[in-house]
Amino acid sequence: MAAAPAYYVTTPIYYVNDVPHIGHMYTTLACDVLARFKRLDGFNVKFLTGTDEHGQKVDKAARAAGLEPKVFTDKVSENFRALARLMNFSNDDFIRTTEERHLRSCQALWRTLLANDQIYLGSYAGWYAVRDEAFYAESELTTTPGGEKLAPSGAPVEWVEEPSYFFRLSRWQEPLLRLYADNPDFVLPRSRLNEVVSFVRGGLQDLSVSRTTFQWGIPVPDDPAHVMYVWLDALTNYITAIGYPDTDTEDFRTFWPADVHMVGKDILRFHAVYWPAFLMAAGLAPPKRVFAHGWWTVEGQKMSKSLGNAIDPLHLIESYGRDQVRYVMLREVPFGNDGDFSHESVVARINGDLANDYGNLVQRVLSMVAKNCGGVVPSPADRTGDDAALLELCHRLITTVRQAMDRQAFHEGLDALWAVIRAANGYVDRQAPWALRKSDPARMGTVLYVLMEAIRHLAIVTQPFMPEAAGRILDQLAVGPAVRDFAHLGQDHALVAGTPVPTPRGVFPRHEVEAAGQGTA
Ligand code: MSP
């Protein structure tokens, strides 16, 4: 048998200066859904997440907490691991930049860049924003009425003057522009690619890649007065996790270049400009795609610690349920756009899409089967055009969803699922199987069989989005764990008449509005 095709998807690694909120959860959730989808679609998947633990920002946060950076990062990194468990994330690895494997990888990359004449020693004098861990040109800054200088992100900047190594980014303008031209999907959504292209066209300056005014970082090989710039350190995590500098290993050969680096729009420049330049300069292939998603605001406001409106994922899950939160976040906003989180819209989705549309379909079909078919899969008799039409929609579903997922268009995948759910509900109403019980029991059996098949397709394809709920639906159809992947869609693997099915239990409860509105931390 041919080896399964590989799929490597990564989240950004999270700064450990703060507790996780729904913004962090969102990026990892998107990757989790992709990873689960690809596994069910027969791919050999590696899904990586982790924490970004070096640099001035984390150093400052540790000091503010009165802890040594390593003690502090051990503690905060654990919160991100806990979030992954809480959300049922299926990451295959969790990398920390303070690990030995990463030190070795970064130092090897540095040495290669140096050997390739891509790094030289100079001195930096310019603006730096600790919050963004980024250098800015004077021309990018704005000045507040109070005279404070701000980066485009709104982060305050400080003047920095120190000896520094530089990466010859200026040499990479043409190769980067070629990379974008040859791979128009290198950055998605397209509008974001345009931003990247115009930034690179505007000219690239060599990039400062070491700091000397603090110690919390990876020492520059043979010059320990310098620590590596935290973004060079952090980006390297994507190759550390597959064994860099050992590029001749199976893991590295299988998974590099990565299929998707998922990032928020705020960190696109680092991933779509600096990272491919570092890689090409080290003789490595750039990743296949960087997808930049949008930002969440909360009830119309930017989320921040100082506003006290950062939403704690734990709270959210306790209020609404894990699969419900997973669903709403990917359904509410076209992936790539900004979105506003409101409790009202969460409740509307839970009660409308999940309880009324999906839940009701499953509940009414399975309870009719329990009541009227002796709790076994009924026998399908002759099929009508209406039956065939619904089944045809089901058989086409995976193709539509697959195309959407290959563009990270989660909302389109969910739209396609809901189109089938609505079609199935329409079919129930038209066929009115409850009325056939006395008049035509054989026809009732056929209608319920067709509906169970529709539900089987829906549940198999919803697994990446709502793994637990979909699993419970498949349990209720007596579809075993070995036949839940996409290779088992289609009529060759259809339900077998006479198979006993368990007593149905509701999967998508309604959310009582009185209990809502408590989700903020
Ligand atoms: N440490 C860097 C990434 C290094 S990757 C080599 C970093 N960390 S972060 O913790 O600040 O942000 C991680 C991710 O969370 C980013 O993709 C960012 O866009 C995302 N989000 C943080 N707040 C967010 C929202 N309010 N909404 C959506 N995503 C947001 O950047």
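By class, the shell around the ligand holds 13 nonpolar, nine polar and two charged residues. For that count, Ala, Val, Leu, Ile, Met, Phe, Trp, Tyr, Cys and Pro are nonpolar, Asp, Glu, Lys and Arg are charged, and the others, Gly among them, are polar.

Before I go on, this is a predicted model, where local features need pLDDT of at least 70 and side-chain atom pairs count only at pLDDT 80 or more, while totals for chains, interfaces and linings use all residues. Residues are numbered from 1 along each chain as its sequence is written, and side-chain values use heavy atoms, with hydrogens and water left out.

Back to the ligand. It is surrounded by 24 residues, and the closest are Ile13, Asp52, Gly264, Asp266 and Trp296; a residue counts as near if one of its heavy atoms lies within 4 Å. Strand 2 (14-15), helix 1 (22-40), helix 7 (230-235), helix 8 (237-240) and strand 14 (260-264) each give the shell at least two residues. Helices (H or I, at least four residues) and strands (E, at least two) are DSSP runs, numbered from the N terminus.

Now the polar contacts, meaning pairs of N or O atoms within 3.5 Å. A polar backbone atom of Trp296 is 2.9 Å from a nitrogen atom of the ligand. The side chain of Trp295 has an N or O atom 3.3 Å from a ligand oxygen atom. At Gly23, a backbone N or O atom lies 3.4 Å from a ligand nitrogen atom. Taken alone the ligand exposes 670 Å², and the protein buries 95% of that, by the Shrake-Rupley method with a 1.4 Å probe.

Next, a helix pair. Helix 5 (residues 173-182) and helix 10 (residues 268-281) pack at about 110°, with axes 10 Å apart. The axes are lines fitted to C-alpha atoms over the stretch in contact, and angles run from 0 to 180 degrees between N-to-C directions. That angle makes helix 5 roughly perpendicular to helix 10, a label used for 65 to 115 degrees. Helix 5 makes the contact (heavy atoms within 4.5 Å) through Pro175, Leu176, Leu179 and Tyr180, and helix 10 through Ala272, Val273, Pro276, Ala277 and Met280. By class, that is nine nonpolar, no polar and no charged residues.

Last, the backbone. Tyr244 and Pro245 are joined by a cis peptide bond with omega about 10°, and Pro245 sits in the loop between helix 8 and helix 9 (250-255). Another cis peptide bond, omega about 0°, joins Trp256 and Pro257. Glu299 is not a glycine, yet has a positive phi of about 45°.

Key
Parallel < 35°, antiparallel > 145°, perpendicular 65-115°, else oblique. Polar contact = N/O pair within 3.5 Å; in protein donor to acceptor, adjacent residues only side chain to side chain.
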